Amino acid sequence: MNPQPLLLPNGRSLDRVPLSNIVYIEVMDKLCKVVTTKQEYQISASLNSFVKLLSEPDFIKIHRNYVVALNHVNSIGDSEIVVLGKKLPVSRNNRMKLFSCFRLYR
């Protein structure tokens with residue numbers, strides 16, 4: 001069973017985005033930036049609302065400002081990961097959970 005795609009606003013329309021296309025979600029001020037394999041979306045929503053929609057082990061919160069899709073992670077370091085060539089911070093509180101989920105996921 002395929003999970004339901006997200007409907008994300010794109011100008012005056014809504015785009016149907018499969019969860020497999022979501023790379024990461026970043027919160028900035030009161031906006032969430034949803035980065036997909038094709039484009040970025042700016043949404044007025046909380047990061048926690050996305051955490052509830054996106055299930056582990058496919059998605060994991062790595063920092064208070066980031067949720068990432070494990071299938072798009074290129075490498076994991078001590079305090080950061082690389083996703084699509086971009087370095088994202090990993091908090092100390094989420095580091096061990098990330099390592100264990102990444103080992104199980106691969």
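How many aromatic pairs does the structure hold? The structure holds one, where a pair means rings of Phe, Tyr or Trp (its six-membered ring) with centres within 6.5 Å, called stacked if the planes are under 30 degrees apart, edge-to-face if over 60 and tilted for the rest. Before I go on, please keep in mind that this is a predicted model, in which local features need pLDDT of at least 70 and side-chain atom pairs count only at pLDDT 80 or more, while totals for chains, interfaces and linings use all residues. Residues are numbered from 1 along each chain as its sequence is written, and side-chain values use heavy atoms, with hydrogens and water left out.

The pair consists of Tyr24 and Tyr66, which are tilted, at 6.3 Å centre to centre with 50° between the planes. Tyr24 belongs to strand 3 (residues 22-28) and Tyr66 to strand 7 (residues 66-69), so the pair ties together parts that are 42 residues apart in sequence; strands here are DSSP runs of E, at least two residues long, numbered from the N terminus. Tyr24 is buried at 4% relative accessibility, and Tyr66 is buried at 10%, buried meaning under 20% relative accessible area with a 1.4 Å probe and protein chains only.

Let me stay with strand 3, where six of the seven residues are buried, so that the strand is largely enclosed by the rest of the structure. Strand 3 runs antiparallel to strand 4 (residues 31-36), joined by six bridges, and strand 3 is also antiparallel to strand 7, over three bridges; two strands pair if DSSP finds at least two bridges between them.

Finally, I turn to Asp15 in strand 2 (residues 13-17). The side chain of Asp15 has a polar contact of 2.8 Å with the side chain of Tyr41.

How values were computed: Helices (H or I, at least four residues) and strands (E, at least two) are DSSP runs, numbered from the N terminus. Buried means under 20% relative accessible area, exposed over 50%, partly exposed in between (1.4 Å probe, protein chains only). A polar contact is a pair of N or O atoms within 3.5 Å; within protein, one must be able to donate a hydrogen and the other to accept it, and residues adjacent in sequence count only if both atoms are side-chain atoms.
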